[in-house]
Amino acid sequence: MLHTTHRTWWKTLIALALTAVMLFPIYWMVNVSLTRRESIRRGDLLPFDFTLGHYATVLSEQLPYLGTSLVVGLGTVALTLVVAMPAAYAIAKLALPWGNTLSFVLIVAQMVPAVVMSLGFYSIYSRLGMLNTIPGLIIADSTIAIPFAVMLFTAFMRGIPRELIQAAQLDGASTWRTFRSVVIPVSRNSMVTASLFAFLWAWSDFIFASTLNREGGELRPITMGIYNYIGAQNQEWGPMMATAVVASIPTALLLIAAQRYVAAGVTAGAVKD
């Protein structure tokens, strides 16, 4: 018993040490954001020269970029759900002859680097006049989220009892009505999971934003707005870190609020009854 307690104590110590190492960059980001500019280079572990001025700068300068990121994130979520859910339903329940091939293509699509896709989008958007537009960013970000969402929904929908689908069909429901009235309501956890990941990908996107929305002015997302504090000769570390903190708050709140649904959604298709 003593040996087991001793071993558990060491595991706890190692876990705490690893957690501290992983969380230290977040702490340092907050620390720098609360330190006056002239004191940042001292590298104090605590913000002894405390200030909230960097956050005042961020709130006065970065709100348009935060608004753009919010619109792009929500638009990406909407487009991902509209495309991924019917596609997953067709693969999982409609016995498509090329369903397995499509699933393989989706896996391959996730292996394509975003930088390669951004070059293709740039060429297409320049011809269509969609550079420096919010719809262009939404479509580009959705190409990252949709393959993951389709695979997630497919795994979940394959676990929906066929008797539930057949009962709706016996009541005279069409394929679309069955999908809308039966499948969507029972897919809540998977919808929350797919929506969260789609929003996080869009919110943190830099490759597409820097390639497709380089001259968008206030239409640039927050990942590009932060570059206002990076110059050739000078970097405004305080406002930069304050922007990073402010940009992290919405995603942290979403993760906390949706963690129960995410855990259920990710494991929904792993075990069959």
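**Cores and ring pairs**

Biologist: Which residues does methionine 157 touch, not counting residues up to four places away in sequence?

Modeller: In this predicted model, methionine 157 touches Met85, Ala88, Tyr89, Ala92, Lys93, Phe179, Val183 and Ser187, with residues up to four places away in sequence left out.

Biologist: Which members of the largest nonpolar core touch the most other members?

Modeller: Of its 45 residues, Phe153, Met157 and Val183 touch the most other members, and α4 gives the most to this core, with 10 residues.

Biologist: How many aromatic pairs does a search of the whole structure find?

Modeller: The search finds 11 aromatic pairs.

Biologist: Why is the pair of phenylalanine 24 and tyrosine 27 called tilted?

Modeller: Their ring centres lie 6.2 Å apart, and a pair needs centres within 6.5 Å; their planes stand at 45°, and planes under 30 degrees apart would count as stacked, over 60 as edge-to-face, so this pair is tilted.

Biologist: What makes phenylalanine 24 count as buried, partly exposed or exposed?

Modeller: Buried means under 20% and exposed over 50%, so phenylalanine 24, at 40% relative accessibility, counts as partly exposed, and tyrosine 27, at 33%, is also partly exposed.

Biologist: Why is the pair of phenylalanine 121 and tyrosine 125 called tilted?

Modeller: The ring centres of phenylalanine 121 and tyrosine 125 are 5.4 Å apart and their planes stand at 50°, so this pair is tilted.

Biologist: How do you know whether tyrosine 125 is buried or exposed?

Modeller: The limit for buried is under 20%, so tyrosine 125, at 3% relative accessibility, counts as buried, and phenylalanine 121, with a relative accessible area of 14%, is buried as well.

How values were computed
Residues are numbered from 1 along each chain as its sequence is written. This is a predicted model: local features need pLDDT of at least 70, side-chain atom pairs count only at pLDDT 80 or more; totals for chains, interfaces and linings use all residues. Side-chain values use heavy atoms; hydrogens and water are left out. A nonpolar core is a set of buried Ala, Val, Leu, Ile, Met, Phe, Trp, Tyr and Cys residues joined through side-chain atoms within 4.5 Å. Buried means under 20% relative accessible area, exposed over 50%, partly exposed in between (1.4 Å probe, protein chains only). Helices (H or I, at least four residues) and strands (E, at least two) are DSSP runs, numbered from the N terminus. Contact means heavy atoms within 4.5 Å. Rings of Phe, Tyr and Trp (its six-membered ring) pair if their centres lie within 6.5 Å; planes under 30 degrees apart count as stacked, over 60 as edge-to-face and the rest as tilted.
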